[in-house]
Amino acid sequence: MRLPEDPEWTAYRARFAAEYDEMNYQKGLQHRVMRAGHRFLEKTLPSGRHYARVLEVGAGTGEHAPFVQHSFDTYTVTDLAPQALVVARRKAERAGLPGL
């Protein structure tokens with residue numbers, strides 16, 4: 001038996017990409033925590049290392065990509081929200097990130 005989706009959840013998913021960056025990266029403590037997490041993750045990887053392929057699961061709108069400290073041939077992002085990936089691609093193009 002499949003349960004119907006919650007209308008609130010459906011509405012949130014529809015506006016997710018438009019609101020994600022504002023909710024998480026514009027100001028306040030959440031902004032600092034999210035960016036610190038991106039920096040910390042990159043510190044765990046060898047700086048300057050080259051990877052043929054990188055897979056980022058749950059990429060949202062692609063905010064992590066500018067923090068990447070290694071080179072890559074292909075950087076694949078995934079997310080449950082297809083519109084978030086559209087935003088991620090636009091950001092990558094503006095930032096000149098190849099292979100995203």
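Modeller: Helices (H or I, at least four residues) and strands (E, at least two) are DSSP runs, numbered from the N terminus. The model is predicted: local features need pLDDT of at least 70 and side-chain atom pairs count only at pLDDT 80 or more, while totals for chains, interfaces and linings use all residues. Residues are numbered from 1 along each chain as its sequence is written, and side-chain values use heavy atoms, with hydrogens and water left out.

Colleague: What pattern does the protein chain follow along the sequence?

Modeller: The pattern is α-α-β-β-α, that is, three helices and two strands.

Colleague: How do you know how α1 and α2 lie to each other?

Modeller: Two packed helices are described by the angle between their axes and the distance between the axes. Axes are lines fitted to C-alpha atoms, for helices over the stretch in contact, and angles run from 0 to 180 degrees between N-to-C directions. Under 35 degrees counts as roughly parallel, over 145 as roughly antiparallel, 65 to 115 as roughly perpendicular and the rest as oblique. Helix α1 (residues 7–25) packs on α2 at about 95°, with the axes 6 Å apart. The two helices are therefore roughly perpendicular.

Colleague: Which residues make that contact?

Modeller: Contact means heavy atoms within 4.5 Å. From α1 come Tyr20, Met23, Asn24 and Tyr25, and from α2 come Gln30, His31, Met34, Arg35 and His38.

Colleague: What makes Gly62 buried or exposed?

Modeller: Buried means under 20% relative accessible area, exposed over 50% and partly exposed in between (1.4 Å probe, protein chains only). Gly62 has 7%, so Gly62 is buried. Its place is in the loop between β1 and β2 (71–78). Gly62 and Val77 are 15 residues apart in sequence, with their C-alpha atoms 7.5 Å apart in space. Of the 100 residues of the chain, 30% count as buried.

Colleague: How much space lies in the largest pocket?

Modeller: On a 1 Å grid over the protein atoms alone, a pocket is an open set of points with protein on both sides within 12 Å along at least five of seven lines, and lining residues have an atom within 4 Å of a point. A volume is the space filled by probe spheres set on the points, which are joined across faces, edges and corners. The largest pocket holds about 180 Å³. Of its 13 lining residues, Leu41, Glu42, Leu45, Val54 and His64 are the closest to its centre.

Colleague: Which element gives the largest share of the lining?

Modeller: β1 does, with five residues.

Terms used. 1 Å grid on protein atoms, 1.4 Å probe; cavity = no way out; pocket = protein on both sides within 12 Å on 5 of 7 lines; lining within 4 Å.
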